[in-house]
Amino acid sequence: MAHLLGGEDLHVEFPAKVVLDDVTIGIADGDRVGIVGRNGDGKSTLMKVLMGVSEADSGRVTRRAGLRVGMLSQDDDLPEGGSVRHAIVGDAPEHEWLGDARIRDVLAGLTGDLDLGADVGSLSGGQRRRVALARLLVGDWDVVALDEPTNHLDVEGISWLAQHLARRWPDGQGALLLVTHDRWFLDAVCTRMWEVHDGIVDPFEGGYAAYVLQRVERQRQAAVVEEKRQNLMRKELAWLRRGAPARTSKPKFRIEAANQLIENEPPARDAVQLTQLATARLGKDVVDLLEAGVTYGEREVLSRVEWRIAPGERTGILGANGAGKSTLLGLISGTVAPTSGRVKRGKTVQIAYLDQRLSELDAVADLRVREVLAEQKTSYVAGGKELTPAQLLERLGFRTSELSTPVRDLSGGQKRRLQLLLVLLDEPNVLILDEPSNDLDTDMLAAMEDLLDSWPGTLLVVSHDRYLLERVTDQQYAVMGGRLRHLPGGVDQYLELRRAEGAAGPSARAAEPARAPGLSGAERRAAEKELSAIDRKLANLRADAARIHDRMAAHDQEDFVGLGALNDDLRAIGAEVDALEERWLELGEALE
């Protein structure tokens, strides 16, 4: 492959730290490089130096003559004033950019919910970010560098971006540099990985899954002392090898080597033990949403939601922005009252809500981290081991020296980890996580997932991080059309349903369902009659499912044959409910 871009003996030093120490690295045609490492270790710095945005203290950057490079940085560099259309395509005549298939694809994928004539200054931060990404992607570049491109994109937007990048350069031409904490995206897009740490860059072949294996194998061969880190990565490797539900690219490593490394590694979670512990802490009743609905003014956000949340349940919740996910969480936590139906909570339920705003840290902003810990419980049990708060914080990546840092001076990722620690020390038995991966690097995400693996309670997660959802939850639901929809096929099924809905584009927005042609009077009456019949049938099926759950709870737990028969009955009911709900949505859309 032809050399495009590289760095020789790159050295970058900040006042208190050497970020790059005589690094030599190269990029060739066809390379799709993912850059990973801990926050602050130099990922963005390396990208900026290679792309010519900043200069190294010593060494040099080499480029092929006439190379065209484009970069999306984390900084907002959109021009103030002017329309969204002008920010993206400039002064190009309309017939030119409308006639370009790539530009149409980018506009549909990233700005389908925006008014192209709107003023850039009226956009929110997330909208500006998507416009900046669209502005870059409509250009014709040999090398594209993206620094956290999935920020402010939902699951559909991330899936669209992965597909766009995969088909952007024909015949293996061009190159991509990518800094992201989204591990599914890394695995879907990248053919090589660079790990930046301790001033050096270690290259790996393959995507994220291959990187995890090679990193574990290198540590084993080198007899690395970092036993905790090594064991953590082995755990992640075991999860990847044993049937991750939606691996998008085949990892390029030897299967025999992977299996040998994980042969004595237990499953990520002991689901039976955790369910028993959760039931002991919660009893049989957690939170039941019974035909619950929420209406704001004339807008119905949620309609007739029926969900009996079980002790030990680990559920991921998907949905477009504005679909009603936050309202659903509010119903569960008690911050939102239903306008129809009711919400029933168990007497022993203690809900903790880890939100995106870090608001619970405001009260301790002037305290040092060690002072905050001193006010908490003296121990926490994780994975059968008793840990002090300081040990737990160390497990989440804090150094001893950072315990003297005032909370207000912590980075976003450090605040997120401290927030999680404080929530866990309160020992809730129902934990709601709203975008918990924000500001965390891949190592810290693995550490957080490891803690959640041993957490005995009911876990509900809302996230656009597909890897995280699949890693820490056992089932997924979607909020679609104001209803709650079970997804036996996981995130892939959700994306298929969204495509089938005829959404205008996979950008980060709440798409309107496709409208059916108007019905005649007779057709409308027949549809209304069928809809009413489906409502009655669904109510009966849910009652049957509740009775089977009660019978399973009271059944002899050693009678595996009897339990299996009950479970088969439950599965049959679930399949019938899914089919009826899909028909209900079709009829509802036709009647609108």
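Okay, let's start with a question: in strand 2, which residue is the bridge partner of valine 12? It's leucine 20. Keep that pair in mind while I walk you through the rest. One thing before we go on: this is a predicted model.

Quick overview. We've got 592 residues in the protein, and 53% of them are buried. The protein has 20 helices and 20 strands. If you take contacts between residues at least 6 apart in sequence, 71% of those join residues at least 24 apart.

Back to the strands, then. Strand 1 covers residues 3–14 and strand 2 covers residues 17–28, and they pair in the antiparallel sense over eight bridges. The two strands form a hairpin, with two residues between them. Strand 1 also has strand 4, residues 58–63, as an antiparallel partner, with five bridges joining them. For a landmark there, look at histidine 11: its bridge partner in strand 4 is serine 58. And if you're following side chains along any of these, remember that in a regular strand they alternate between the two faces of the sheet.

On to helices. Two packed helices are described by the angle between their axes and the distance between the axes.

Helix 4, residues 101–111, packs with helix 5 at about 170°, and their axes are 10 Å apart. Anything over 145 degrees counts as roughly antiparallel, so that's what we call helix 4 and helix 5. On the helix 4 side, the contact is made by Arg102, Val106, Leu110 and Thr111; on the helix 5 side, by Arg130, Val131, Leu133, Ala134 and Leu137. Sort those by class and you get six nonpolar, one polar and two charged.

Now pair helix 5, residues 125–137, with helix 6, residues 155–168. Here the angle is about 10°, with the axes 13 Å apart. Under 35 degrees counts as roughly parallel, and helix 5 and helix 6 are therefore in that group. The crossing is left-handed. Helix 5 puts in Leu133, Leu136 and Leu137, while helix 6 brings Trp160, Leu161, His164, Leu165 and Arg168. By class, that contact has six nonpolar residues, one polar and one charged. Notice that Leu133 and Leu137 are in this contact, and they're also listed in the contact with helix 4.

Last stop, valine 407. You'll find it in the loop between helix 14, at 389–395, and helix 15, at 412–425. Is valine 407 buried or exposed? Its relative accessibility is 1%, so valine 407 counts as buried. What does valine 407 touch, leaving out residues up to four places away in sequence? The answer is Leu361, Val364, Ala365, Leu367, Val372, Lys415 and Leu418. Zoom in on alanine 365: 42 residues separate it from valine 407 along the chain, yet their C-alpha atoms are 4.8 Å apart.

That's my tour, thanks.

Notes. Residues numbered from 1 in each chain as written. Predicted model: local features only at pLDDT ≥ 70, side-chain atom pairs only at ≥ 80, totals over all residues. Heavy atoms only, no water. Axes fitted to C-alpha atoms, helices over the stretch in contact; angles between N-to-C directions. Helix = DSSP H or I, 4+ residues; strand = E, 2+ residues; numbered from the N terminus. Parallel < 35°, antiparallel > 145°, perpendicular 65-115°, else oblique. Left-handed = near helix turned anticlockwise from the far one by under 90°. Contact = heavy atoms within 4.5 Å. Nonpolar A, V, L, I, M, F, W, Y, C, P; charged D, E, K, R; others polar. Pairing = 2+ DSSP bridges. Buried < 20%, exposed > 50% of the residue type's maximum accessible area, 1.4 Å probe, protein only.
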